[in-house]
Amino acid sequence: MGEIAKILSLSLRLFGNILAGMVLMGMVIYAATNIFHVPAVMPLLVFVMELLVSFIQAFVFSMLVLVYVRMAHQGVH
């Protein structure tokens with residue numbers, strides 16, 4: 001049960017981080033294009049940065065899951 005809780009906790013944390021990043025990115029894009037009338041290049045740079053952050057977070061999550069599964073398989077707590 002504890003191992004499932006760890007994986008579920010990591011999954012929810014990853015989802016929350018990516019969702020918060022996407023919401024923030026949407027707010028920046030909306031403000032840049034509709035309020036400040038900045039060219040579309042700036043929101044695209046923010047999008048690329050957020051996409052990179054999302055991939056890094058997914059990589060870290062997968063590495064943590066791999067470590068937890070290996071520890072559970074070897075019986076180390």
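Predicted model: local features only at pLDDT ≥ 70, side-chain atom pairs only at ≥ 80, totals over all residues.
Figure 1. Helix α1 covers residues 2–35 and helix α2 covers residues 41–74; their axes come within 10 Å and cross at roughly 180°. Because angles over 145 degrees count as roughly antiparallel, α1 is described as roughly antiparallel to α2. Sorted by class, the residues in the contact of α1 with α2 comprise 18 nonpolar, six polar and three charged ones. Two packed helices are described by the angle between their axes and the distance between the axes.

**Figure 2. The whole chain and its overall dimensions.** The chain contains two helices and zero strands. Its radius of gyration is 18 Å, whereas the globule rule gives 11 Å for 77 residues; the computed value is well over that figure, so the chain is more spread out than a compact globule. Taken along the principal axes, the box filled by the C-alpha atoms is roughly 60 × 20 × 10 Å. Of the 77 residues, 16% count as buried.

**Figure 3. Helix α1 and its buried residues.** The 34 residues of α1 reach 48 Å from the first C-alpha to the last, which is close to the 50 Å expected at 1.5 Å a residue. The buried residues in α1 are Leu10, Leu14, Gly21, Met25, Ala31 and Ala32. These buried residues of α1 pack against α2. Just after α1, His37 has a positive phi of about 55°.

**Figure 4. Helix α2 and its buried residues.** At 1.5 Å a residue, α2 with its 34 residues should span 50 Å, and the C-alpha atoms at its ends are 50 Å apart, so the two values agree. Buried positions in α2 are Pro43, Val46, Glu50, Ser54, Phe61 and Val65. The cover over the buried residues of α2 includes α1. The residue that follows α2 is Gly75, with a positive phi near 85°.

Figure 5. When neighbours within four places in sequence are left aside, Thr33 is in contact with Val38 and Pro43. Pro43 is itself one of the buried residues of α2. From Thr33 to Leu14 the C-alpha to C-alpha separation is 28 Å, and the two are 19 residues apart in sequence.

**Figure 6. Ser54, a buried residue of helix α2.** Ser54 has its place in helix α2. With a relative accessible area of 9%, Ser54 is buried, because buried means under 20%. Not counting residues up to four places away in sequence, Ser54 touches Ile18 and Met22.

**Figure 7. Gln57 and its contacts along the chain.** Gln57 also belongs to helix α2. Apart from neighbours within four places in sequence, the residues in contact with Gln57 are Leu14, Asn17 and Ile18. Among these, Leu14 is a buried residue of α1. Ile18 is touched by Ser54 too. Gln57 and Arg13 are 44 residues apart along the chain, yet their C-alpha atoms are separated by 9.8 Å.

**Figure 8. Gly26 within helix α1.** The relative accessible area of Gly26 is 35%, so this residue is partly exposed. Gly26 and Leu12 are 14 residues apart along the chain, and 21 Å separates their C-alpha atoms.

**Figure 9. Gly75 in the segment after helix α2.** Gly75, which follows α2, has a positive phi near 85°. With a relative accessible area of 47%, Gly75 is partly exposed. Between Gly75 and Val38 lie 55 Å in space, C-alpha to C-alpha, and the two are 37 residues apart in sequence.

Terms used. Residues numbered from 1 in each chain as written. Heavy atoms only, no water. Axes fitted to C-alpha atoms, helices over the stretch in contact; angles between N-to-C directions. Helix = DSSP H or I, 4+ residues; strand = E, 2+ residues; numbered from the N terminus. Parallel < 35°, antiparallel > 145°, perpendicular 65-115°, else oblique. Nonpolar A, V, L, I, M, F, W, Y, C, P; charged D, E, K, R; others polar. Expected span 1.5 Å × (residues − 1). Buried < 20%, exposed > 50% of the residue type's maximum accessible area, 1.4 Å probe, protein only. Contact = heavy atoms within 4.5 Å. Rg over C-alpha atoms; globule rule 2.2 N^0.38 Å.
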